[in-house]
Amino acid sequence: MARVTEPVTAQSTTAQSTTESTAADPSHRATPISLVTGANRGIGLEVARRLGLLGHTVLLGARAPEAAESAARDLRAAGLDAHPVHLDVTDVAGVRHAAAEVERRFGGLDTLVNNAAITYDTWQRATDADLAVVVEASETNLYGPWRTVQAFLPLLRRSAHPRIVNVSSEAASLTNMGGGTPAYTISKVGLNALTRMLAAELRPDRILVNAICPGWVATDMGGPGGRPVEAGAAGITWAATLPDTGPTGGFFRDTHPLPW
């Protein structure tokens, strides 16, 4: 497999002839191409690693180009086909530029994992929440995946087996919802609603769209005490590699349905 270290950005100009020779015809791609946002650490990095082990070409999205490059370099050192992507999901123009670069270099996309998220606001309650914090969280956790799907949808439509995975949380389950973490919870409720709408609208395109709760995982956001990152990433990887007969418009944890 080709190893490409050029970050995927709007400013990238160096041609990758080996990759681009097959990019024009997605049907000739030897391996699936999967993009994971927020993939420079934690769950996102582990999902990228697992997809790489399954033979995918993995594109690691991160806000900082150097973070994306470092993560991709580590996966390449392990023998995986990994490429950095400069992708800030809150930057409208930047997301569009990243999609254009992925199209130029790879010709399409098979799997999009919307993993990037911020602000697990345990210090807040809905009754007195700082709404600026809620807006900021929604910009990344809801509008970020939304604009990323819109930008990459033309590429996904070219795939023979397209998948969209939205990394959500059981905190967004209306059935079991309590108080606390209002910014995070509201943004993930919106993401679940988006999942349902996209699944319905993209069914004719054969694009499977599901929301996945990784559970409480010991990451920078989740803090200590959670389960291993590998456990949280397993269900996301499952949704990213579903067969064509798999579910769409569902909410799952560890492959089991969760109540909305």
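Tutor: Let's start with a word we'll need: a residue is buried if its relative accessible area is under 20%, exposed if over 50%, and partly exposed in between, using a 1.4 Å probe and protein chains only. Keep in mind that this is a predicted model, where local features need pLDDT of at least 70, side-chain atom pairs count only at pLDDT 80 or more, and totals for chains, interfaces and linings use all residues. Residues are numbered from 1 along each chain as its sequence is written, and side-chain values use heavy atoms, leaving out hydrogens and water.

Now, a nonpolar core is a set of buried Ala, Val, Leu, Ile, Met, Phe, Trp, Tyr and Cys residues joined through side-chain atoms within 4.5 Å. The largest one here has 29 residues, and Leu35, Leu59, Leu109 and Phe152 have the most contacts inside it. Helices (H or I, at least four residues) and strands (E, at least two) are DSSP runs, numbered from the N terminus. β1 (33-36), α4 (92-106), α6 (143-156) and α7 (182-202) each supply at least two residues of this core, with the largest share, 6 residues, coming from α6.

Zoom in on Leu59: leaving out residues up to four places away in sequence, its contacts (heavy atoms within 4.5 Å) include Ile33, Leu35, His83, Val102 and Leu109. Apart from this core lies another, of 24 residues, among them Ile212, Val217, Ala240 and Phe252. Phe252 is buried, at a relative accessible area of 8%, whereas Trp238 is partly exposed, at 25%.
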